[in-house]
Amino acid sequence: MRIACTVNGRARVAQDVWEGASLLSVLREHLDLSGSKNACEQGECGSCSVYLDGQLVCACLVLGAQAQGREVMTVEGLAVTDILHPVQEAFLEAGAVQCGFCTPGLVVATHDLLTRLPQPTIMEIREALAGNICRCTGYAKIIDAVHLAAKRMPPKRSLPLQGAGNSLPLPEEGAGGGGAKR
Amino acid sequence: MKPRLAAHAAVSGRVGDSPRRADGPQKVRGEFPYSSDLSVDGMLWGSTVRSPHPYARIVAIDATEALAMPGVLAVLTHQDVPGSKVYGLEIQDQPVLAIDLVRYWGEAVALVAADHPERARRAAEKVFVDYEVLKPLTDPELALTDAAPLLHAGGNITRLVKIRRGDQSARADMVVSGEFEIGMQDQAPLGPESGLAVPDGAGGVDLYLATQWLHVDRDQLAEILALPPQKVRLTMAGVGGAFGAREDLSMQAHACMLALHTGRPVKMSYSRPESFVGHVHRHPGKLKYEHGATRDGKLVYVKARVLLDGGAYASSSTAVIANACCFAVGPYECPNATIDGWVVYTNNPPCGAMRGFGSVQNCYAHEAQMDRLAAALGMDPVELRRLNAMRTGSHLITGQTVEGPAPVAELLDRVKKMPLPPPLDAGRLDLTQMPGGVSNTTHGEGVRRGVGYAVGFKNVGYSEGFDDYSTATVRLFVVSGRPRAEVHTAAAEVGQGLVTVQAQIAGTELGVSDVVVLEADTQVGSAGSSSASRQTYITGGAVKAACEAVRDRVLVLARSELGRSAAARLEGDAIVSAAGEVIITLGTLLGDEVIEETREFRPRRTRRLDPETGQSDAHLQYAFAAHRAVVDVDTELGLVKVVELATAQDVGRAINPQAVEGQLEGGAAQGLGLAVMEEIQIKDGVIRNASFTDYLIPTILDMPPLRMDVLELGDPHSPYGLKGVGEPPTISSGPAIVAAIRAATGRPITRVPVRPHDIVST
C-alpha cells in the first residue's frame with residue numbers, strides 16, 4: 001500500500017506499507033520520524049500524540065491509510081529552526097524531562113492545550129494531559145513546564161508552525177475517524 | 001554499519017547547579033534515539049515464541065510451517081544457543097530459550113527472524129510447540145513445603161536470611177502483631193525492551209540497546225554466545241526508563257543469536273503486553289510481624305517472618321530478600337530482633353529489582369506496626385517514631401553502626417510541621433477534588449479525610465561484599481582555542497540525569513565550561529549498574545578521581561612550563577593563583593596536548609551477612625526519607641483521592657537540585673501507584689492485565705501536589721558528601737498513604753494496593 005500525506009508541512013509518500021499498519025508505524029518505520037513513541041500502542045499513554053488535520057490524536061489508534069491525503073504534524077514539526085519551540089524550551093528548563101520517552105507526546109499535547117487555552121488553570125492542565133502517562137517525573141515539573149510555556153507562547157497567529165499547525169481548528173465531534181484523545 | 005546514536009549537548013554547570021540536561025534538546029525535539037528507534041539498512045526483525053502455560057514440559061517444537069513463510073530467515077531454539085544455555089545475575093538458572101520445561105507464562109521458547117516485524121510476529125504464531133501441561137506451583141507458602149513440585153534442582157528456596165540480634169527470648173509489656181500482604185508491581189518503563197544487533201562479519205557482534213549495566217550484559221552474552229568478551233561490544237542507546245526492569249537480560253541474547261545466525265542486523269522491540277513478561281517485577285510478599293515495647297513506647301523487640309515470591313527464576317532475589325530482612329524493622333533502634341526471610345521459586349512471573357529493592361515491602365509492614373503500637377499505647381504515631389528513631393551511632397539489627405547523618409527524627413519533625421491542605425469545602429462542590437472525580441460518584445457524603453505518616457530507609461550501593469566500583473576516562477584538550485573536557489564511562493543514563501551530573505563534576509574539578517559526555521559503551525571499564533541509588537556516588541566518584549588525575553598533570557605541566565610552583569587551581573578555563581588571578585589559560589598551556597587519565601573508584605568494602613545471625617557490616621551508606629499523606633476516602637464506595645503528599649529527605653549534597661527534586665517527585669508517584677493502583681493480577685500463574693489499559697499507572701490526575709524539604713547534611717565518606725537519592729521516595733510514600741486511609745476509615749488495611757472492597761467490605 002502507498003500512502004501520500006503532508007507531514008510537518010512537507011508532501012511525503014510512504015511505500016510498501018502493510019495494510020494493517022498504524023499511522024504510528026508509518027511515521028516511525030516508513031517516514032523516519034521516530035519522535036512519536038511506541039510505549040503502549042493502545043491509546044493509553046499518549047506517547048504517540050500527533051496532530052491529524054489539526055486534531056490531537058494517538059497515532060497508534062489511527063490506521064495508516066486514514067492519513068491518505070491529510071495533514072499530519074508530529075513533534076519533529078514544532079521547532080522549525082535550531083531554536084526550540086517555547087513548549088520544548090519550557091519542558092527543558094522546568095526539568096520536566098527525565099527519560100524523555102513521554103516527552104514528545106506531552107510536548108504535542110501541551111502545544112494543543114495552549115493553543116486552545118492560552119492560560120490554563122492547574123485543573124485544566126491536569127485534565128488536558130490526563131491521557132499522557134509519565135513514569136519518571138510524578139508530573140509536578142510537567143505542570144511547571146506548562147505554566148512556563150503559557151507565559152512564553154506567542155499569540156496564536158504568530159505560532160512558528162508549519163502545515164497543519166498554522167490554522168489549528170478546535171476538535172469537532174466525530175471528526176477525523178479513530179484515535180481522538182477527547 | 002552503525003545506527004544513529006545520541007549526541008549530548010555540552011554542559012557548563014558546576015556541582016550544585018541545575019544546568020539543562022545534556023540529552024534534553026534531543027529529547028524535547030523527538031530526535032533522541034531510543035533503543036526502539038534504531039535502524040540500519042537491510043535489518044531483520046526478531047520475534048519471540050512464548051509459552052502459553054506457566055508450567056509445562058516441552059515435548060516437541062515444529063518450525064516447518066514458520067520457516068516456509070515468505071520473508072522468514074530463521075527460527076532458533078535452545079539447540080541453537082552457542083554457549084551457556086542458562087544465565088542469571090546471581091544464580092545461572094534461567095534458560096536463554098526454554099530447554100525441556102517452561103516455568104512461567106510467557107517464557108521464551110523460540111526465536112524468529114523475518115524481513116518485516118509483522119511477518120516475524122505471524123511466523124512466531126506458526127512455530128508449533130507441543131506441551132505436556134503441568135500443574136503450576138503458584139502459592140509461595142506451598143513452595144516451602146514438601147508437597148510442592150521441585151522447580152529447580154537445588155530446591156524451591158532461593159535464599160533464607162536469618163537475623164538474630166540481642167536477646168532472642170525478650171519479652172515486653174506491650175505487644176502488637178500483624179500480617180501484611182504486598183501485590184506484585186511492574187516497573188512499567190515507557191520504553192519497551194529493544195535493541196539492534198549488528199554482526200561484524202568476523203564472528204563478533206555489536207549490540208545497541210537500553211540496559212542498566214552494559215558490562216554485566218556483555219559478560220553474560222559472551223558466555224551465551226561462546227565468544228570472547230572483546231567480540232561482544234555493547235553501546236548504550238536511549239533508555240526509556242528502567243526502575244530495575246533492565247537489570248536482567250531480555251532481548252539481548254536473542255537479537256545477537258539471530259544476527260550471528262543470519263549474518264544480518266536484527267532489531268527486536270517488545271510490545272507492551274510482551275514487556276510485561278519480558279522483565280522481572282517487584283516481589284509480592286507476605287509479612288508477619290510482632291512488635292514488643294515498653295509502656296512508654298521504647299521498642300524492646302521485633303520478630304518478623306518475611307516471605308517473598310521470587311517466581312520462576314532467581315534474578316536478583318537473593319539480594320532483595322537480604323534487604324527485606326536487614327531493614328525489616330525500619331529506621332529505628334531496636335535492641336532485639338528475630339527476622340526470618342525466605343524468597344522462593346514458584347511458577348509465577350520472575351521477580352527481581354525494582355526501585356526500593358526489598359525495602360518497599362517491609363516498610364508497609366513496619367510502619368503499619370508502628371501505628372498499631374502507637375494506638376495501643378495511646379501515643380501520637382509521630383512521637384512514637386521520634387522516640388525510637390535511629391541516629392548517628394545507632395546500630396542496625398545486623399549490628400552495623402550507622403555512620404554519617406541519620407536524621408530520622410528531624411525528617412519526621414519537618415514533614416509534621418509543614419502546613420496541611422485546607423479541609424474539604426462542604427459549601428462549594430468541586431467534583432474534580434472528590435474521590436471518584438468527575439464520575440460524579442459523591443458530592444461529599446461519606447467522604448472522610450485522613451492523615452498518615454511513614455519513614456523508611458535503605459542501603460545505597462552494593463552490599464554483602466559485592467565488588468562495587470566504577471571506571472571513568474577523562475580527556476582534556478583544546479578546541480578552537482578553548483579547553484574541552486570529555487568524559488567517558490559505561491554508566492547508564494536511564495533518565496535520572498547522570499550524564500549531566502558527570503559533566504557537572506568534570507566542570508567543577510577541571511574548572512572548564514565545555515564538558516561533553518561520550519556515549520556509554522563497553523570500550524571503557526565497567527561502571528556497575530544504574531541501580532541501588534549508587535551511580536552519582538560511584539560513577540560520580542570515578543569521574544572526580546579521573547579529573548583529579550588530569551588536574552594533577554595539568555599543574556605539573558604548568559609548573560614545568562612556567563618554572564614556578566605557586567599554589568594554583570583550575571578555574572574559568574585557566575590556571576589561577578590562590579588569589580584568583582589568571583596565571584595562564586588552559587588553551588595556551590595545553591596547545592595540541594591531550595591529557596587523558598582513567599581511574600577506578602571503589603568505596604570501602606562491605607561483608608556477607610553471617611548465615612546464622614545476619615550480623616555483619618554488610619552495607620555502605622543509608623538513605624532516609626519521611627512522608628506525610630493526606631487522603632480523602634469515599635467510605636461508601638471505597639474510592640481514594642490522595643490530596644497531598646509531603647516529604648523530607650536527606651540527600652547529603654544535591655549535585656543537581658532540579659534532578660534531585662525530580663527523583664523525589666517521580667519516586668513518590670511510583671509509591672502512590674503501589675499503594676492504591678498498581679498490581680499485576682495473576683490467576684493460576686497467568687497475568688490477566690498485561691497492558692496499560694488494565695495495569696493502572698498514576699496519571700497527572702492521580703498525582704497530588706508534593707511538598708518537599710531537601711536536607712543536605714553531608715556524608716563525610718562520600719564524594720561531595722552526597723547520598724543516593726533515587727529510591728527513598730518510593731519507600732515511605734506508599735505506607736504514608738495507607739496510614740492515611742486507615743486514619744480516614746478506621747479499618748486495618750493490611751494489603752496493598754488498597755482496593756475498594758478493602759475499604760467497604762463488612
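1. A quick term before anything else: a residue is called buried if 20 or more other C-beta atoms lie within 10 Å of its own. With that in hand, look at helix α12 of chain B, residues 498–510. In this predicted model, α12(B) is mostly covered, with 13 of its 13 residues buried. The helix reaches 18 Å from its first C-alpha to its last, close to the 18 Å expected for 13 residues at 1.5 Å a residue. Just after α12(B) comes G511(B), with a positive phi of about 65°.

2. On to the core. The largest nonpolar core holds 309 residues, and V112(B), C256(B), V631(B), I737(B) and A740(B) have the most contacts inside it. Helix α13 of chain B, residues 535–562, gives the largest share of this core, ten residues. As background, nonpolar side chains in soluble globular proteins tend to be buried together.

3. Setting aside neighbours within four places in sequence, C256(B) is in contact with A197(B), V205(B), L207(B), L221(B) and L225(B).

4. Now the strands of chain B. β24(B), residues 568–571, pairs with β25(B), residues 574–577, in the antiparallel sense over four bridges. Here R569(B) stands opposite V576(B). The hairpin has two residues between its strands, and G572(B) takes a positive phi near 60° in it.

5. β25(B) has another partner to look at: β26(B), residues 582–585, pairs with β25(B) in the antiparallel sense over three bridges. I575(B) has I584(B) as its bridge partner in β26(B). This hairpin has four residues between the strands, and its G580(B) takes a positive phi near 95°.

6. The interface: 44 residues of chain A are in contact with 45 residues of chain B. On the chain A side, α2 (86–94), α3 (103–116), α4 (122–128) and α5 (140–152) each supply at least two residues. The largest share, four residues, comes from α2(A). By type, the chain A side divides into 23 nonpolar, 14 polar and seven charged residues.

7. Last, a word on confidence. Chain A has a mean pLDDT of 89, and 85% of its residues reach 70 or more. Which part of chain A has pLDDT under 50? Residues 157–182 do, and the model has 53 contacts beyond four places in sequence for them. Where pLDDT is low, the predicted coordinates should not be read in detail. I'd keep that in mind when looking at the contacts of residues 157–182 of chain A.

Notes:
Residues numbered from 1 in each chain as written. Chains lettered and ligands numbered in written order. Predicted model: local features only at pLDDT ≥ 70, side-chain atom pairs only at ≥ 80, totals over all residues. Contact = placed C-beta atoms within 7 Å. Nonpolar A, V, L, I, M, F, W, Y, C, P; charged D, E, K, R; others polar. Pairing = 2+ DSSP bridges. Expected span 1.5 Å × (residues − 1). Buried ≥ 20, exposed ≤ 12 C-beta atoms within 10 Å, placed from the backbone. pLDDT = per-residue confidence, 0-100. Core = buried A, V, L, I, M, F, W, Y, C linked by C-beta atoms within 7 Å.
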